[in-house]
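I opened my notebook to look up backbone angles and strand pairing. My entries follow.

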Amino acid sequence: KYFRRRTKLLVLVVVFAVGVLLLARWVDGSATRPGYQIALEWARLAPYPPSAKDFKIDISGSPFTRTFIVDFDAPVDEVTTWLAASPGTASTEFSTVGSVRHYVISPGGGASYATLSVDLATGQVIIYASWS
């Protein structure tokens with residue numbers, strides 16, 4: 001009798017945990033939407049520059065956290081036009097070290113943190129957006 005109760009309790013806990021994990025992934029939305037698009041939403045950025053290339057993305061986290069790091073290259077003139085058209089960077093102060101401009105962005109889409117760094121000498125852009 002004790003063994004049956006314990007087994008039932010264990011099954012109930014496992015079912016509950018799986019349900020919570022599935023719910024968290026559904027609410028998060030990152031399980032069904034491409035990370036490239038989520039990073040734009042969370043950092044409040046305009047669509048990527050037309051000639052952006054060499055995209056790389058690193059996605060990490062758990063069902064309760066998610067981080068997207070998107071890296072791409074584009075011509076510097078297109079990047080500066082893109083930054084001016086993006087709500088996340090257009091109204092944000094930035095700091096510059098050498099040729100790298102760094103923005104700490106007020107995030108959108110439920111994200112808790114977003115930054116963008118752009119090398120104005122090479123056109124390399126790195127977007128970091130996270131939710132927890």
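I began with the hairpin of β5 and β6, which has 4 residues between the strands. Gly123 takes a positive phi near 85 degrees there. I noted that strands are DSSP runs of E, at least two residues, and helices are runs of H or I, at least four, numbered from the N terminus.

I wrote down the ground rules next. This is a predicted model: local features need pLDDT of at least 70, side-chain atom pairs count only at pLDDT 80 or more, and totals for chains, interfaces and linings use all residues. Residues are numbered from 1 along each chain as its sequence is written, and side-chain values use heavy atoms, with hydrogens and water left out.

Then I checked the pairing; two strands pair if DSSP finds at least two bridges between them. Strand β5 (residues 113-119) runs antiparallel to β6, with 6 bridges. Ala114 stands opposite Ala129 in β6. I also found 8 bridges between strand β2 (residues 65-73) and strand β6 (residues 124-131), again antiparallel. Here Phe72 stands opposite Val125 in β6.

Last, I looked up phi. Most residues other than glycine have a negative phi. Arg44 is not a glycine, yet has a positive phi of about 55 degrees. I located Arg44 in the loop between α2 (35-42) and β1 (53-62). Asp54 is not a glycine either, and has a positive phi of about 55 degrees. Asp54 is found in strand β1.

Arg44 has 27%, so I call Arg44 partly exposed. Asp54 has 46%, so Asp54 is partly exposed.

Notes:
Buried means under 20% relative accessible area, exposed over 50%, partly exposed in between (1.4 Å probe, protein chains only).
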